[in-house]
Amino acid sequence: SFDASAPTSEQALQVLKNVYGYDQFRGRQAETIEALLNGHSTLAVMPTGMGKSICFQIPAMIFGGLTLVVSPLVALMEDQVMALKLAGVAAESINSSRHRDENVATWRKVAAGEISLLYIAPERLMTERMLSALAKLPVNLIAIDEAHCISRWGPSFRPDYEGLTRLSDFFPKAPIAALTATADEATREDIAEKLFPRSADGVRQGKVIVSGFDRPNIRLTVTQRNDWKKQLLDFVEARRDQAGIVYCLSRKKTEEIAEFLKEHNIRALPYHAGLDSGVRAAHQALFMREAGVVMVATIAFGMGIDKPDVRFVFHSNLPANMEAYAQEIGRAGRDGAPAEAMMLYGLDDIRMRRSFIDNEGGDEDHSAREHKRLDALLAYCEAPTCRRQSLLVYFGEEIEPCDNCDICIDPPTLKDGTVEALRLVEVVESTGEMFGTVQLIDILRGLTHEKIKKYGHDKLPCHGTGKGTPKEDWRAILRQMVAANFLRLDIQGHGALKLTSKAVELKTGALRFAFRPDVMGPSELYRPKKA
Ligand code: ADP
Ligand code: ZN
């Protein structure tokens, strides 16, 4: 269905038109496809619904031969195979829900070269028998769907996926397409590390392409919480007859707040996992069907809810981390029309989230990592410059200031902090980008405790140069430097701070740094107990 002599980018467009009936690629689909067609293993990170499948299906058709698609869920596999068959593509799946005879018949077709995409579960693929049978076939591409399942950093780790680490040894010529909707920087690194091959000189191969997290129609606002019921009521009353979601932390709160809003003639309903399933379904149906319903919910609400005209998402507390926040606000404005995300946060939120993490009972590495993820969200809350920029930088995307967040619309009064920022850059650099907030600030403040002496940090020229600035201020400045992308928090490396290209520009004098003095809180709240 395409002209094989045309440049690959044109072939890809032809397939998009002929097979799928779409006129153009979305986001960075084209770039992902191009990278794979050029033989580069590629990790594509895109939100759900952006069209990840096309990114490997089109190269599969252009390459010819066999493409293996690893997918964790039988239901997902069956859906995709069905859709491909309808579009006239030879796709099949081998999985445990099928009768043995069916799987055997499918395998025969695969072996005869009649199938172009074979969907298979990881545990079936990684058996010696399957691998040696596949070695005789022209496997030209391997796609790993839900690739985050390979990472122990995330909550969806699947031991079955870990075996896939050996794939690039078995099929050294086939590029690997890894796809996921949920991957922060640490997880992305981990996926690439596990799946992508290394060249002879040990350099890791492969590309990471992140896209589509920008939802420019959602106005972002973060405000300190004071009289929060009044803040909520004012917000909702100004948006009467609009559908919205109000997130609360506890089941009890959702009921209390729904009641409170009802007293003020708002059509509010509670939703949480503790409600009777009939009640839950009824509330959900009302929300979906009728205009202007406000759902007051715990995070149990939202999964699989696809209501295009949700006009606002109101967080009455700090969400768990950036991923959760992005996902939760992403439920607003799916129709592309203006929508709002409002978050209230206060110091008690920070205290509470810290203790949630400490009481979660994971190992120490796990909680250290979770504390760092929370730090990234705090940096977002205190961003001195465009909020959307700081949100997207976390997901690996860079954009211009958005004009649609509270900071862009009404910039806070900033204080020049270039001198302080340069001190932080210096201490990060002179300690080899290997240390976290606490140590860096202790060095600047001239402390001489054991960990400072052990590394010889008391001998650094920058030791003690920041004595004049209180610890809390240093922490706020550092968080804001992270939010503004002058420093990068390496979550995988236990929260070590790294320099970015903006830090380099700071040093050359090409950029200055300004910070918000208004958001500096008691420092002990920002520090994980077991740092
Ligand atoms: P994901 O796996 O990212 O959730 P899918 O691959 O299931 O997304 O695609 C979501 C929907 O978007 C599908 O209906 C798909 O056909 C459609 N789609 C994908 N790419 C495009 C495109 N370039 N133009 C229009 N629709 C597209
Ligand atoms: Zn902005």
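**Close-up views of a predicted chain**

**View 1. Helix α10 is largely enclosed by the rest of the structure, because 9 of its 11 residues (residues 185-195) are buried.** A residue counts as buried if 20 or more other C-beta atoms lie within 10 Å of its own, as exposed if 12 or fewer do, and as partly exposed in between, with C-beta atoms placed from the backbone. Helices (H or I, at least four residues) and strands (E, at least two) are DSSP runs numbered from the N terminus. The model is predicted: local features need pLDDT of at least 70, side-chain atom pairs count only at pLDDT 80 or more, and totals for chains, interfaces and linings use all residues. Residues are numbered from 1 along each chain as its sequence is written, while chains are lettered from A and ligands numbered from 1 in the order in which they are written. The buried residues of α10 include Glu-185, Arg-188, Asp-190 and Lys-194, as well as Ile-191, Ala-192 and Leu-195. Their cover includes the strands β1 (42-45), β5, β6 (176-180) and β7 (207-210), together with helix α9 (167-170).

**View 2. The surroundings of ligand 1 comprise 13 residues.** A residue belongs to this shell if its C-beta atom, placed from the backbone, lies within 6 Å of the ligand. Tyr-22, Arg-26, Gly-51, Lys-52 and Ser-53 are the closest. The shell has 6 nonpolar, 5 polar and 2 charged residues. In this count Ala, Val, Leu, Ile, Met, Phe, Trp, Tyr, Cys and Pro are nonpolar, Asp, Glu, Lys and Arg are charged, and the others, Gly among them, are polar.

**View 3. Met-77 sits in helix α4 (residues 74-86).** Met-77 counts as buried because it has 23 C-beta neighbours inside 10 Å. Apart from residues up to four places away in sequence, Met-77 touches Ser-71, Ser-93, Asn-95 and Tyr-119; contact requires C-beta atoms, placed from the backbone, within 7 Å. Arg-198 is 121 residues from Met-77 in sequence, and their C-alpha atoms are 29 Å apart in space.

**View 4. Glu-146 and Asp-403 are two non-glycine residues with positive phi.** Phi is about 50 degrees at Glu-146 and about 65 degrees at Asp-403. Glu-146 is in the loop between β5 (139-144) and α8 (159-162), and Asp-403 is in the loop between α17 (387-394) and α18 (406-409). Glu-146 counts as buried, with 20 C-beta neighbours inside 10 Å, whereas Asp-403 is exposed, with 11 other C-beta atoms within 10 Å.

**View 5. Met-295, Val-296 and Met-481 touch the most other members of the largest nonpolar core, which has 89 residues.** Such a core is a set of buried Ala, Val, Leu, Ile, Met, Phe, Trp, Tyr and Cys residues joined through C-beta atoms within 7 Å. Beyond its neighbours within four places in sequence, Met-295 is in contact with Ile-245, Leu-269, Tyr-271, Phe-287 and Phe-301. A second, separate core of 54 residues includes Ile-54, Tyr-119, Ile-176 and Ala-192.

**View 6. Residues 56-76 carry the feature "transmembrane region" in an unreviewed UniProt entry.** UniProt positions are given in the numbering used here, feature names are shortened, and annotations may be inferred rather than shown by experiment. In the model, the span is 52% helix and 24% strand, with its end C-alpha atoms 15 Å apart.

Note on methods: Two residues are in contact if their C-beta atoms, placed from the backbone, lie within 7 Å.
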